[in-house]
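Hello,

Here is the structure I promised to hand over. My notes follow below it.

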Amino acid sequence: MRPVKHTYLWLLAAFVFSVIYLFPLYWMYITAIKSPSEIFASPPTFWPNDPDLSIYPDVWEAREVPRYMWNSLVIAFGATGLTVVFGTGCAYVLARYRNIWVDVGLFLVLMLQVLPASVMVTPLFVGFNQIGLLGWPRTAVVLGVAAKSMPFFVVLVRAAFMTIPRELEEAGLVDGNSRIGAFIWIVLPMARNAILVCALLIFMQAFGEYIYSASIIQDQKLAPASVGLKTFLGPNSKDWNAIMAYSAMYVTPILAIFILLQRRIVAGLTAGALK
Amino acid sequence: MKLNMILGTVAGLSVSLGALMAHAQTTLTIWGLDGDNNLIGTLAAEFDAANDDIVVDFRAIAFDELVPEALKAVATGNAPDIICLDNPDFAMFSSRGAMLDITEMVAASDIIDTSVYYEGPLASAMWDGKLYGVPKATNTIALFYNKDLLDAAGVTPPQTWDELLEAARALNDPENNVYGLTWSAKGNEEGTFQFLPWIQMSGGSFEEVNGPGAVKALELWKTILDEKLASQDVLSQGQWDSTGTFNAGNAAMAISGPWELNRMAADATFDWGVTLLPTEVAGGQRSSAMGDFNWGIFATTEHPEEAFEAIEFFVAQSDRLFPEFANIPPRSDIALPSTGDARKDEALAVFVEQLKYAQPRGPHPDWAKISKAIYDAMQSAMTGQASAQDALDTAQASIDAVLGN
Amino acid sequence: MKRLFISISDGKGFDILLVGLAMFFLLALAGIPLLYNVLMSFQEVDMFTLGSFIRPWAGLDNYRYIFAQPEFWLVMKNTALFVFCSMAGQFVLGFGLAIFFQQNFWGASTIRGLFLVSWVMPGLVVGGIWSFILAGDYGVLNAILEGLGIIDEPVFWKSDPDLAIWAVIIANIWLGLAFNMLLLSVGLAAIPRDLYEAAELDGATAWQRFRTITLPMMRSTIGAVLALGLIGTLQQFDLFPAMTEGGPANTSSVTQYWAWQMSFKQYDFARGATISMLMLVFVFMAAIVYVRSTRGEVRG
């Protein structure tokens, strides 16, 4: 694709857009280091009068952030893995045919997503309790989160499978591949990018999942970072400095990784990897 | 000294118990908040350390999740042995038989003496004449004021509703981003916590919210808002955020509680004081809200003795509540030690005085519904969707339905 | 047995197995909870029966109660407004940004990556930050607008009954923009460049190219993005407790928040479930629209 003319003007516009869009992120970083009352000063201060960076090490130590982060990672990996394994095949089949059963399947996939997590958590808790899964709380959360992400994954990956020419798969079958072989060796590699992007999106949502974890994981040592975050809110007090510092610690690394990865993935797509 | 003796007694008692039971290890699960410098977690860990035969399993739960978690646990038979619940939520559990009746145990206890407790906190742990819990701590609200601004305007701390309005008018200074007053009229429990005392000061109660005094109070709140003597954001901000604007110097008076003292002492660049909540008329009836949590034992516990022992241990630490955890003990026999900050000490004296008038919310099993009726009425009147009288009449109808009148 | 094995590895059985696994998983972990809620909306529930399926039958009482609530129509209206405006904002801005970053200029893909920040931030924090930004007095949006001379009086975004729902919508557009932009970017990237070049040679204007090439080629992506956007918007919950708690006077309450409030603040689980059933109607419509949008798809 040809480079646009006036590339600096575009860059300038992009810069302005991102400054506006990233402003809340900036506000998160500086709210953390304002004094607890300066947060509420009118007119607001765009830079803290007396920045207090000690909030970061304090929160890091008081909340055992690494342990929380590790649990978040475990849950996010588990849920993403499960979703990709179950969802990819389902999306592939729903893209391959065009009949009433596919309509029913798609309809079900969406309808099963109808209830917000806050309403789903009670029956899930009850169910997990009955089959004894509460003893493996992180596994239970992984199952719940995977079910929650599945429709999202299926719908998006199905759209990606739709763009793969059917002739390619048929040619593979003629060449002597079985259905499984054609799926694994021909169709999957072509949808790789889309699957990766969706998996990444699901990973990040699962990383921050709160409602299921808060309810199902009773042992503090197994709780993810999102649950740790909520403990700064008391009946009469809200430790905004700690909330913002804690969230900065958890957002920054994951955002950095994402920027690096998305550059490769979406750039790969933009270069026309699909066609 | 006294503390050490009590500690010694408790430890001695549990050591001998432990020797008797040999290796029989008992696990006690305790659920509570982890706020207040981790008060509950710290005490739970200490109890664990002090008892070889008891293992304490403490789970910290966010404030919002505490009751839903407890409800789910009761429903599925996973209830902990001990829980620390916000006082208005307590009756929901005690009235349904979910909590252990500890009336007899407390009567026989050498450590817990109900006669020294304030009436309000104790009442919140009672149901139908029986005691189901022990207050952990207590708190209330009063009127903070910015001494510098009051002196500059020649205003004395208001003692009646009319004086409050006059003071707010005199102190209001939009040029310098200063409102006369701030408080929380949020559409949640905090809003009820702040408004119910006004109903009670005028002779009403949670069972009767539409008396002329309550209407007058709500009209006063609306006037303050309409005349822009307070930020309209009192409708959407909680007490912590609202008092934050006071600390930042953007409001001359604030209605809030003692949990605020440490932040205010550290942040406020002006001199401040606290006075009792203004009454309807001079020398009129006083009232205030009552906050904080109650300890309780779930009826399903397999270790009632050990659980009660744990609560006795917590109660025995009452004199540490304030110095270490900034909690006010719910009893009159423990003097608060000096904080080393004269403003804080003065403020605490006012709060302790105000506590005498603090009334529990309820106790009622359906408190949350009563509370919603009250804050809904307050908000619909303050946003001009209904007159104060109509809004409170609607609330009264909802409350009557809940009370079954 | 052998035939079954062959069918699974090389025939219809393969398809059925793939869909069946996912469906079984979904039905168990989403279907049963859904059923539990449907059932509960017709029952009386208290703290001791929360864990069982068999409970006193309440018939339509819960529904009557919910319909009779004074805030019922307000909440429905707010939900419709919230869903429609959030989605419209997210989609239009997301599409615009996707097209913008589709242009080949230096740094485009890195800067686009920065926009994904909203997808990573925890909901509680997003709500908290927007609550600060939109505050009337200490809010930075008012400070900027006043500085630019657009307003002279503070606007109470969160506390003005006419504006509160808009405060949440603004925050939600910010939150959902990343998702819309990324997926639409992927869709845009899949359109063959030569189509545009051919059209340009034919003298088509940018708008004509957008209408005749971009939109039709993106049909399935747009269908998917809108369907998921609707579900995501209906499930957007974190912003409400952090910003307005549905107030003032329920003017910013929506179904999902009301359902949560009923279950977890009023501890009335049956009626909370009843309110969540009302959301079925919204998602039902979305599912139909989505399934229909897949009808006209052309396989690549």
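Chain C has 15 helices and 0 strands. Helices here are DSSP runs of H or I of at least four residues, strands are E runs of at least two, and both are numbered from the N terminus. The C-alpha atoms of chain C fill a box of roughly 80 × 70 × 30 Å along the principal axes. Of its 300 residues, 56% count as buried. Buried means that 20 or more other C-beta atoms lie within 10 Å of the residue's own; exposed means 12 or fewer, partly exposed in between, with C-beta atoms placed from the backbone. Among contacts in chain C with a separation of 6 or more, 68% join residues 24 or more positions apart. A contact requires C-beta atoms, placed from the backbone, within 7 Å.

A word on the source. This is a predicted model: local features need pLDDT of at least 70, side-chain atom pairs count only at pLDDT 80 or more, and totals for chains, interfaces and linings use all residues. Residues are numbered from 1 along each chain as its sequence is written, while chains are lettered from A and ligands numbered from 1 in the order in which they are written.

Next, the domains of chain B. Domain 1 covers 2-139 + 291-342, and domain 2 covers 142-289 + 366-403. The bounds come from an automatic or database domain assignment. The two domain centres, taken over C-alpha atoms, are 32 Å apart. In the contact between them, 8 residues of domain 1 meet 8 residues of domain 2. The domain 1 side has 5 nonpolar, 2 polar and 1 charged residues. Nonpolar covers Ala, Val, Leu, Ile, Met, Phe, Trp, Tyr, Cys and Pro; charged covers Asp, Glu, Lys and Arg; the others, Gly among them, are polar.

Chain B also has an open sheet of 3 strands, in the order β8-β7-β9, with antiparallel pairing. Strands pair if DSSP finds at least two bridges between them. β8 (253-256) and β9 (272-275) of chain B are at the edges with a single partner strand each, so one side of each has no neighbour in the sheet. Strand β7 (residues 142-146) of chain B pairs with β9(B) over 4 bridges, in the antiparallel sense. N146(B) stands opposite W272(B) in β9(B).

Last, chains A and B. Their contact takes 25 residues from chain A and 27 residues from chain B. On the chain A side, α5 (117-130) and α9 (211-216) each supply at least two residues. The largest share, 4 residues, comes from α5(A). By class, the chain A side divides into 10 nonpolar, 12 polar and 3 charged residues.

Best wishes

Notes: Two residues are in contact if their C-beta atoms, placed from the backbone, lie within 7 Å.
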